[in-house]
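Q: Please take a close look at one helix in this model. How does it pack, and what surrounds it?

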Amino acid sequence: METQYRGAVLGGLICQTFFGLVLVAIYRAMYAGKPQPMPLSSITTYVWLQQAFFRMLLSMDTDLLDRIRTGAIAYDLCRPLHLYGYYYSRILAMKMTGSILRALPMLVIAALLPEGWGLALPASVPALLTALAALILGLFCICALENVTMGLTMRTLDPRGVQAMLNLLLMTFSGNILPLTLFPDSWQRVITLLPYAQMLDAPIRLYNGEYALDKVPEVMIIQICWTGLLVTGGCLLWRANQKKMIVQGG
């Protein structure tokens with residue numbers, strides 16, 4: 001089992017590193033053809049930070065999905081615990097440990113790559129510290145969004161439709177497919193206010209220095225507001241589901 005875990009971590013690391021190199025090569029070719037206003041080093045840094053924290057975006061609690069599908073979640077209802085808080089803590093721990101295991105070696109590899117290919121240093125020490133704080137808030141936000149997805153799955157019983165739609169929105173507007181900084185200027189005000197941008201895009205912009213330090217309070221207030229809204233909506237959705245839950249089978 002230990003070898004299996006190590007193999008999974010190593011395979012994920014190789015996969016994300018490969019995709020990171022491919023994306024950087026594409027952006028280098030794009031910049032060679034037509035230089036962009038944003039420095040190339042900022043784009044390569046954006047790519048590597050997105051790849052390093054990929055697990056934070058898309059990992060999910062498959063055990064909970066099985067419990068919803070099989071009806072085993074009924075056993076959890078018998079336990080003296082707050083169901084939403086319990087599973088929020090689980091997904092938080094899962095995303096945090098998965099991200100740390102993959103992000104640390106990947107960031108080391110990216111930092112060792114030649115200039116123009118790898119990870120650039122943060123704009124300043126305060127920028128690094130505020131980016132870390134924003135990353136933690138972004139983690140809270142994505143866990144709240146994950147629990148909303150689970151709440152919707154309790155109603156549909158099949159996660160594929162809901163998750164396919166939400167994952168597409170997540171990948172697009174979190175900057176994983178294309179850095180949000182490369183979207184048209186007229187889109188920036190809207191897409192940077194969406195909850196998806198609070199998960200990784202905002203911390204990366206703080207790291208790069210694209211967001212000045214005087215913008216930190218605004219960024220964190222938006223992150224806290226979205227986390228509060230999603231947690232409140234998720235709690236209400238889970239509570240409504242628990243009242244209407246029908247467990248089939250023996």
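A: Helix 2 and helix 10 cross in a right-handed way. This is a predicted model. Two packed helices are described by the angle between their axes and the distance between the axes. Here, helix 2 covers residues 40-52 and helix 10 covers residues 201-208. Their axes come within 10 Å and cross at roughly 140 degrees. Only angles over 145 degrees count as roughly antiparallel. The pair is therefore oblique.

Which residues make this contact? Helix 2 supplies Ser42, Thr45, Tyr46, Leu49 and Gln50. Helix 10 supplies Asp201, Ile204, Tyr207 and Asn208. By class, the contact of helix 2 with helix 10 has 4 nonpolar, 4 polar and 1 charged residues. An α-helix has 3.6 residues a turn, so residues three or four places apart point the same way.

Now look at helix 10 itself. It is mostly covered, with 8 of its 8 residues buried. The buried residues of helix 10 are Asp201, Ala202, Pro203, Ile204, Arg205, Leu206, Tyr207 and Asn208. What covers them? Helix 2 is included, along with helix 7, helix 9 (185-191) and helix 11 (216-244). Just after helix 10 sits glycine 209, with a positive phi of about 90 degrees.

Return to helix 2 for another partner. Helix 6 spans residues 83-112. The axes of helix 2 and helix 6 come within 8 Å and cross at roughly 150 degrees. On the helix 2 side, the contact uses Trp48, Leu49, Gln51 and Ala52. On the helix 6 side, it uses Ser99, Arg102, Ala103, Met106, Leu107 and Ala110. The residues of this contact between helix 2 and helix 6 divide into 7 nonpolar, 2 polar and 1 charged. Leu49 is listed in the contact with helix 10 and also in the contact with helix 6.

Next comes phenylalanine 53. Setting aside residues up to four places away in sequence, it touches Ser99, Ala103, Leu135 and Leu200.

Definitions and conventions: Residues numbered from 1 in each chain as written. Predicted model: local features only at pLDDT ≥ 70, side-chain atom pairs only at ≥ 80, totals over all residues. Heavy atoms only, no water. Axes fitted to C-alpha atoms, helices over the stretch in contact; angles between N-to-C directions. Helix = DSSP H or I, 4+ residues; strand = E, 2+ residues; numbered from the N terminus. Parallel < 35°, antiparallel > 145°, perpendicular 65-115°, else oblique. Left-handed = near helix turned anticlockwise from the far one by under 90°. Contact = heavy atoms within 4.5 Å. Nonpolar A, V, L, I, M, F, W, Y, C, P; charged D, E, K, R; others polar. Buried < 20%, exposed > 50% of the residue type's maximum accessible area, 1.4 Å probe, protein only.
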